[in-house]
Amino acid sequence: PGLSGQVAKLRAVLKAAAKASAAGLAVFEAEDEVGPVYRATIGGREVILTVPQGWAIGEGGVHRLVQVRTLDGVAVERRRITHQPIVLTRRFREPGGSARYVEVAWLEDGVWTTKRVARGVIAQARELAQLAHDGAPVTTETCGQVVAWLADLEAANEFPAAWVSTHMGWQGAKLSHFLVGRELKAGGAAVVDLELLDEMDAGLHQLADAIGPAGRWESWLAALDAVGDRPLAWAAVYASCAAPMLEVLGCPCFFANFFAPSGMGKSTVLELGASVWGDPVEGRGYVRSWAGTVAGIEGYAAALASLPVCLDETNKVGVHDRPKLASSIYVLGNGGGKLRGGLNNSTRRTVFWRTVILSTGEQSLTSVSEDQGTRGRCLSLAGAPLANADQAEALLRAVRRHRGHLGPRVVAHLVGLDDAGRAALRERYEGLVRDYGEDAQSPTGRRVAQYMAALAVAAWVVHTRCGVAAPRCDALGDI
């Protein structure tokens, strides 16, 4: 008699203890040591994090510290959130853009895994749960608590910032930053601290490794001079250099389509065009095959964005896959991919590009696709680009060894332009569109006049601003 109140309290404490035991929780006193700093070596770098108040992290994972009443007063209860540590290590932003990204790291089987994602991913439980596919210690039941942990961790620490990009070419809308391979050009200077985010799974890192200078600039110029009497070889160079100019000029995407019977040097001049930017060898380097999937070709274009797309041999595509080829032509010409989303996009979005697509085949692209718009996006370049097999072999040897010098020079000129300089370049382009349009014999011809004007502007920049001597033939007139 008289102990019923104490019995009720005892029962409550036992019930709470049983529940904690069943959940794998540990109870400890408030004065027990909780480390205020967490240290780990992640990706070869030492990471030192301030542990926010109310949390604990260690080899046993992340725990939330909750005060609970006991018979002796107040204790701190550790409520397990994850069974392995999960932290933030760095933050990123796009040059000239507003997108923000973070690097999430977690310990799995004694090894740290890192993944760069849009910041919106760590702010939404549903998005964060998708990291479980990569081995992150999150579930639909716990990800809400993990979101809270990462938010408090971000607030308690100053994370080092770095530039990040999801694509080559122009970065942002101000036309002040341009990514060539792994080198970010800004007003002619290179910003070296830049990370690549392979958002579309298009082999962005492989492309970045293929882009850049090798060999000697003078040797590449000598190889180009050796085909100085071949207008279509120069067409490939001008088309390749025109790609980054389209955004400045306001010119839409277009195809520079080289077609002729097999063995005439089409693939060789395609490699010449690709050598403006880097390693031209198909597969390991810049050039890709038309025989790829629609999604793969779309991802390739999205990764390059403002750099030229180089696709070899439409005739490699089987007859039964011709509808897919027509679909790829349509998507590339439109300058935009399908609506898509993923871990690096907190919302679904469409990827875009504005570029020149250099293509080869035994037939014109206009005969492959029934889409009438394709004809108006295609600059058809028929005939043998090179004189003979010996000339083709010599050119191929040269551009595979010496490459990637002209493209950065073109970009350095473009990013160095102020508003007046860009306006002057657009004025030159618009005047050429009018001139070529007057010679057009059809509405389609007037559309193609835009692309001819873009090549003419590219030729002007190449010869007057980049130190390339003019060809020995009237290349623009012949084109």
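Arg 409 lies over the face of Trp 217, 4.1 Å from the ring centre. Arg 428 places its charged end over the ring of Trp 460, at 3.9 Å from the centre. Here a charge sits over a ring if NZ of Lys or CZ of Arg is within 6 Å of the ring centre and within 35 degrees of the ring normal.

The model is predicted: local features need pLDDT of at least 70, side-chain atom pairs count only at pLDDT 80 or more, and totals for chains, interfaces and linings use all residues. Residues are numbered from 1 along each chain as its sequence is written, and side-chain values use heavy atoms, with hydrogens and water left out.

**Aromatic pairs**

- The whole structure holds five aromatic pairs. Rings of Phe, Tyr and Trp (its six-membered ring) pair if their centres lie within 6.5 Å; planes under 30 degrees apart count as stacked, over 60 as edge-to-face and the rest as tilted.
- Trp 55 and Trp 149 make a tilted pair, with 5.4 Å centre to centre and 55° between the planes.
- This pair links distant parts of the chain, 94 residues apart: Trp 55 is in strand S4 (residues 55–58) and Trp 149 in helix H3 (residues 143–156). Helices (H or I, at least four residues) and strands (E, at least two) are DSSP runs, numbered from the N terminus.
- Trp 55 and Trp 149 are both buried. Buried means under 20% relative accessible area, exposed over 50%, and partly exposed in between (1.4 Å probe, protein chains only).
- Phe 254 and Tyr 451 are stacked, because their ring centres are 4.6 Å apart and their planes stand at 15°.
- Phe 254 belongs to strand S16 (residues 254–259) and Tyr 451 to helix H16 (residues 443–465), so the pair ties together parts 197 residues apart in sequence.
- Phe 254 has a relative accessible area of 0%, so it is buried. Tyr 451 is buried too, at 1%.

**Salt bridges**

- The count is 16 salt bridges. Each is a side-chain nitrogen of Lys or Arg within 4 Å of a carboxyl oxygen of Asp or Glu.
- Arg 472 bridges to Asp 225, with the closest N and O atoms 3.3 Å apart. Arg 472 is in the loop between H16 and helix H17 (475–478), and Asp 225 is in helix H5 (residues 217–225), 247 residues apart.
- Arg 472 is exposed at 54% relative accessible area, while Asp 225 is partly exposed at 45%.
- Glu 271 pairs with Arg 400, the closest N and O atoms being 2.9 Å apart. Helix H8 (residues 266–274) holds Glu 271 and helix H13 (residues 389–401) holds Arg 400, 129 residues apart.
- Glu 271 counts as buried at 8% relative accessibility; Arg 400 counts as partly exposed at 33%.
- Asp 279 and Arg 284 meet in a salt bridge of 2.8 Å, N to O. Asp 279 is buried at 7%, and Arg 284 is exposed at 53%.
- A network of salt bridges links Arg 45, Arg 90, Glu 103 and Arg 116.

**Positive phi**

- Most residues other than glycine have a negative phi.
- Leu 175 has a positive phi of about 55° and is not a glycine. Its place is the loop between strand S11 (169–170) and strand S12 (177–180). Leu 175 is buried at 12% relative accessible area.
- Glu 313 has a positive phi near 60°. Glu 313 lies in the loop between strand S18 (309–312) and helix H10 (322–334). Glu 313 is buried, at 11%.
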